Structure formats: C-alpha cells, structure tokens
Amino acid sequence: MKRVPIQIAAFLLLTILVKAQAPPEETSTEKIPLSLSTYNINGVNPGLKIGADYPLKELIKQKVKRNNKTKTINKLWYLNGSMAFGIEPTSNTNWLTSLEIGRLRTRNHKWFASPTFGLGALVRFNNGETWEVKDGEVTNIGNTSRTYFAPNIGMTFGRNYSIKDFEFGVFGRGNGVLAVGMNNTKVPLFSFELGLRCAPPFTFTKSKHIIKKVTK
Amino acid sequence: MRNLTILTLVFLAIGCGRQAIKKNLDETVWVRNQGADMPVYVHGNVESKVIVLVVHGGPGGNGPEYRSGNYAEDLENRYAVAYWDQRGQGMSQGKYETEDITVETMVEDMRAVMLVLKKKYDGSKVFVLGHSWGGTLSAKYMVTKDYQSLAAGWIESNGAHDIPKLNKDAIQMFKTIGAEQVTAGNNIKNWQETVDWANSLDTNNITIDIGGEINAKGQATSEWLKADGVMNPSDKGGIQASLLRGHTNPSTSALSGRYTSAKLVENGIESIALTSELYRVTIPSLFLWGKYDFVVPPSLGVDAHREVSSTDKELIIFAKSGHSPMDNEWEAYNTAMIQFIERNK
C-alpha cells in the first residue's frame with residue numbers, strides 16, 4: 001500500500017513523457033537553460049541549488065487584440081534536474097537530488113510562473129559527531145547521514161530580462177519536500193529560493209516540439 | 001630547519017588548542033540508538049564537570065524549548081546543560097518501526113545518551129532534569145534495571161510519572177482551587193464554569209479525550225492566575241531562542257513530534273503509573289513543583305518524595321508557580337537545583 005502513491009506518480013510522469021513524444025507540428029532548437037539559486041531552508045538558513053531545464057514541448061498561443069497588439073502566452077513542459085544543499089546550522093545539512101516535471105507559463109516573454117512536481121533523494125547529514133550505542137558499547141562513528149525518498153513540489157515566479165543579446169530570468173521559488181520514512185512518518189522540509197535562470201553559451205542544445213495557435 | 005621547528009610548534013599549538021575543553025561550549029553531539037539519530041545540544045560550562053541533562057516535555061516537544069530565560073542562562077554559566085531531542089521529536093531523525101515508539105525504547109535511548117555524555121565528557125557527573133513528560137520518561141529510566149547508577153542525581157520537575165493519578169488529582173484541584181478563586185472574587189465566571197465542568201466528570205472513567213481537556217484547561221487556568229497576581233508572570237529575560245535560526249526547524253519538529261506523541265498514546269502511555277515502583281530509586285532526588293500546576297498536580301511530587309528510597313531527597317513546592325516554575329520563580333528554582341547539585345557532585 002505504501003508504494004501506491006509512488007506508482008501513481010511514476011505513471012503520471014511516464015504518461016506525460018510519452019505524450020511529449022507525439023508528432024510535432026514544428027521544432028525549435030535552443031540552449032538548455034540553467035538555474036542557480038540560493039536554497040534557504042525556512043527562508044533564513046544558507047544553501048545553494050543548481051538545476052537544468054530540459055524542454056519537452058511548447059505551446060505558443062498568440063492573440064491579436066483590437067488595438068493590433070499581440071498577446072503571447074508560452075506554455076513549456078520541461079524536465080528539471082537539480083541538486084540542492086541547505087544547512088540547518090546546528091543540526092543538519094540537507095542534500096537533495098531531484099528530477100522534476102514542470103510547466104512554465106510565460107506571458108509576453110516577460111513574467112513567468114511554473115509549478116513543478118518531482119521525485120528525489122534527500123540526504124540529511126548530522127552536523128556534529130555521531131556516537132553509536134550498541135549493546136552498551138559506545139563508538140564515535142564521526143560524520144554520518146540518513147537518506148530518504150523525497151517527493152517534492154515547488155512554485156516559481158519570475159521575470160525575464162534582456163541586456164543586449166543576453167537573456168536571463170530572475171525568480172523566486174517556494175519548495176516543499178517530504179522526507180518519506182523519517183521517524184516512521186513523512187516529515188516536511190520547506191525552503192525558498194532566489195535565483196537566476198539563463199542559457200549560457202557553453203550549455204547543450206535541445207530541440208523541442210512547438211505547437212502554435214493564433215487567434216483573433 | 002628553524003622554519004620547520006616554528007611550523008611544528010604552530011601546528012602543535014593549534015592542535016592543543018582544539019583538544020582543550022572550552023569553558024563555554026556550544027556543541028551538537030548526535031546519539032544513534034535503535035534506528036534513531038538524536039541530537040544533544042550541549043551548552044555552557046563543561047569545566048565544571050557537571051552536566052545537567054534536560055529531558056523535555058510533551059511528548060512532542062524538543063530539548064531546545066528549555067533553553068530560554070534566565071534559569072537556562074544562569075544554569076549554563078555554572079554547569080554544562082545538555083538539551084536532548086528525544087526519538088521522533090525536535091530534530092531527531094532515523095528509520096524505525098512503529099513498535100519502536102514506546103517508553104521502553106526511549107528509556108534505552110536515554111541510557112544511550114547518558115553513556116555517550118559520560119564517554120565524551122570523561123569524568124563529568126550527569127544530573128537528570130526531567131520536566132512534565134520528561135518526568136515520566138526519567139522516572140521510568142530510574143526504575144529500570146540499574147540504569148540510575150549512571151546519574152549523580154535525579155531532578156523531577158512537575159513530572160507526570162503517574163498519569164491515571166494525575167488526571168484524578170487535577171480534577172480535584174480544579175474543584176478546590178476553583179472554589180477558592182470564586183470566593184476570592186477572581187475571574188468568577190471562568191472559574192465557576194471550570195468547577196462545574198470538573199464536577200461533571202466521572203473520575204473512574206477518564207478517557208484520553210478527557211485527559212486532553214484536563215491538560216488544556218490546566219494551561220488556560222494558569223493565565224487567569226497570572227492575570228490575578230496569584231501566580232508570577234513568565235520570565236522574559238535571559239536567553240531568547242530564535243524561531244527560525246535556532247536549533248529547531250519548527251515545521252519538522254511540530255509534525256514529527258505530533259506523530260510520535262500520537263503513537264505513544266496508541267502504545268499506552270496514558271496508563272503509565274510508576275508511583276509504586278519509585279521505591280527502587282536510591283540516588284539523590286529532588287522534586288520541584290508549582291503549587292498551581294493543574295497539568296501535573298503537586299500531589300505527584302509529594303508521592304514521589306515519599307516513595308523514593310534515596311537518603312538525600314527533597315521536595316520544594318513553589319507558591320507562585322504553575323506547570324513551569326523555571327519561568328515563574330526562576331531564581332528560587334535554580335537555587336534549589338544548584339544546592340542539590342553542589343552537595344551531590
């Protein structure tokens with residue numbers, strides 16, 4: 001029974017991936033965007049996160065308004081791989097590796113928002129020496145950690161900017177991670193990010209499928 | 001060669017510096033036992049060779065909750081204080097089964113913490129300070145096998161070592177002190193309602209829900225007594241804990257603790273009655289209680305003081321305090337603890 005939610009999540013993820021392979025109407029090639037952000041547990045503790053977005057499919061909706069201005073909405077489905085570490089100074093250092101699926105909605109190429117759902121592994125290191133007691137014998141086992149399966153959700157809000165030819169986005173993001181099995185239950189960990197998202201010249205390129213819809 | 005000698009001396013000086021025990025220690029030590037990793041935050045004067053191990057309340061609380069106020073600051077200036085997060089509470093982590101969330105397993109955890117403290121801070125004497133639920137756990141520890149021999153003394157503060165009796169005595173307290181307060185003209189409406197509610201309860205059939213109500217009413221009545229000057233207000237000085245940057249992550253601690261507390265209740269902690277087993281306690285014992293503690297009535301302190309076999313035993317009931325005398329009368333509270341520790345260290 002415990003595995004049912006995991007199986008459902010995996011099924012949903014695969015369904016989206018399979019759908020993403022449907023014949024495209026158009027393809028476009030672009031650099032894979034990277035993101036670098038702070039990873040602040042409870043909003044105040046130090047940490048860092050890096051991630052890369054792997055585009056799958058994009059829907060572009062354009063609507064010509066009465067004043068002949070065009071409103072453009074981009075909806076991009078993407079996979080995101082990320083690694084984050086966040087410190088709770090006197091107790092734990094957390095290392096989260098996660099694969100997420102998200103939908104990035106951008107309005108007029110400026111403001112964007114993206115919910116994500118991911119599956120990952122959370123390693124919680126004990127800050128400080130750990131002493132193990134077995135059958136009354138005490139042993140200093142040094143620095144140690146425990147690993148938990150960690151489904152997670154996140155919500156990003158941001159804005160794109162352009163300086164000369166260089167485009168980048170500035171974003172804020174809230175995360176909720178569940179450490180499954182910790183203390184015989186599921187324990188949440190909340191964090192906030194402030195970061196930059198851009199496609200520097202050295203990253204890989206990836207083609208994505210584009211469906212365009214123009215309405216008047 | 002000269003440079004090498006200087007370099008060696010510098011490294012030796014740094015090395016020796018690291019080995020030396022700092023007077024004002026701020027250190028986290030983790031204890032791993034039976035699937036759980038539990039942090040013990042050690043603060044204060046380790047040169048004193050005395051460690052006060054704080055066994056926190058709840059269940060569902062955490063150790064650092066007790067690191068606030070003047071009492072903690074004063075205590076840390078004199079001794080090292082070890083704030084332990086029990087299994088499944090505070091920032092503890094680990095993987096274990098539901099069957100491992102019992103008071104018996106937590107007694108083994110407490111023994112593991114004692115063994116680690118004694119090994120890491122070699123030569124130090126450990127005094128156990130158990131408050132509220134920490135009184136239940138430390139009492140169970142003291143009557144289990146020969147575990148009490150690891151402690152130099154037991155300080156039970158408002159400890160719930162007999163929960164069925166606690167509930168009955170609390171109901172009686174609501175009636176008698178409620179009637180006194182009505183007569184004195186204090187908060188008449190609230191007290192009269194409380195007395196009526198207490199009169200309506202069947203003391204031979206106290207359910208878990210009624211136990212929860214007694215606890216909640218006990219907390220509420222403290223506020224009325226403080227407002228009327230019967231009890232001292234809570235201490236606002238000394239160490240101030242940071243909500244988000246302190247030892248404890250509030251969301252992790254709250255959800256983890258709530259779950260552990262529920263499992264402990266399912267596993268029968270509401271029926272723990274240790275009064276008849278306290279005769280096994282032979283180490284020096286100090287019982288500290290607030291006169292107006294409706295959560296754990298002072299009658300439990302009277303029983304414990306009578307029952308233990310210790311030759312050095314003392315009971316102090318603070319006249320202007322409730323469930324947390326370390327907040328209401330911290331100076332008198334610390335004086336009692338320090339006198340006890342000094343004569344037994």
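Start by selecting G134(B), which touches V55(B), H56(B), G57(B) and G159(B), leaving aside residues up to four places away in sequence. Contact here requires C-beta atoms, placed from the backbone, that lie within 7 Å. The model is predicted: local features need pLDDT of at least 70, side-chain atom pairs count only at pLDDT 80 or more, and totals for chains, interfaces and linings use all residues. Residues are numbered from 1 along each chain as its sequence is written, while chains are lettered from A and ligands numbered from 1 in the order in which they are written.

**Around G134(B)**

G134(B) sits in helix 4 (residues 133–142) of chain B. Helices (H or I, at least four residues) and strands (E, at least two) are DSSP runs, numbered from the N terminus. With 29 other C-beta atoms within 10 Å, G134(B) is buried. The cut-offs count other C-beta atoms within 10 Å of a residue's own, placed from the backbone: 20 or more is buried, 12 or fewer is exposed, and in between is partly exposed.

**Chain B as a whole**

Chain B has 11 helices and nine strands, and its C-alpha trace spans about 90 × 45 × 45 Å along the principal axes. Of the 345 residues in chain B, 52% are buried. Among contacts in chain B between residues at least 6 apart in sequence, 78% join residues at least 24 apart.

Colour chain B by domain next: domain 1 is 22–162 + 234–344 and domain 2 is 166–227. These bounds come from an automatic or database domain assignment. The C-alpha centres of domain 1 and domain 2 of chain B lie 27 Å apart. Their contact takes 13 residues from domain 1 of chain B and 15 residues from domain 2 of chain B. On the domain 1 side there are eight nonpolar, three polar and two charged residues. In this classification Ala, Val, Leu, Ile, Met, Phe, Trp, Tyr, Cys and Pro count as nonpolar, Asp, Glu, Lys and Arg as charged, and the others, Gly among them, as polar.

**Strand 4 of chain B**

Select residues 80–84 of chain B, which form strand 4. Five of the five residues are buried, so strand 4 is largely enclosed by the rest of the structure. In a regular strand the side chains alternate between the two faces of the sheet. On one side of strand 4 of chain B are A80(B), A82(B) and W84(B), on the other V81(B) and Y83(B), and all are buried.

Strands pair if DSSP finds at least two bridges between them. Strand 2 (residues 36–45) of chain B runs antiparallel to strand 4 of chain B, with five bridges; V42(B) has A82(B) as its bridge partner. Strand 3 (residues 50–55) of chain B runs parallel to strand 4 of chain B, also with five bridges; here V52(B) has V81(B) as its bridge partner.

**The nonpolar core**

Which residues have the most contacts inside the largest nonpolar core? They are V31(B), I51(B), V52(B), L53(B), V54(B), A82(B) and V113(B), in a core of 89 residues. A nonpolar core is a set of buried Ala, Val, Leu, Ile, Met, Phe, Trp, Tyr and Cys residues joined through C-beta atoms within 7 Å. Helix 3 (residues 103–120) of chain B gives the largest share of this core, 10 residues. Domain 1 and domain 2 of chain B both contribute residues, so the core lies between them.

**Across to chain A**

Centre on V31(B). Leaving aside residues up to four places away in sequence, V31(B) touches W131(A), V133(A), M38(B), V40(B), A112(B), V113(B) and V116(B). V31(B), in strand 1 of chain B, is the bridge partner of W131(A). Three bridges join strand 8 of chain A to strand 1 (residues 24–33) of chain B, and the two run parallel.

Finish with the chain contact, which takes 30 residues from chain A and 35 residues from chain B. On chain A, strand 7 (111–126), strand 8 (130–134) and strand 13 (186–198) each supply at least two residues.

Definitions and conventions. Two residues are in contact if their C-beta atoms, placed from the backbone, lie within 7 Å.
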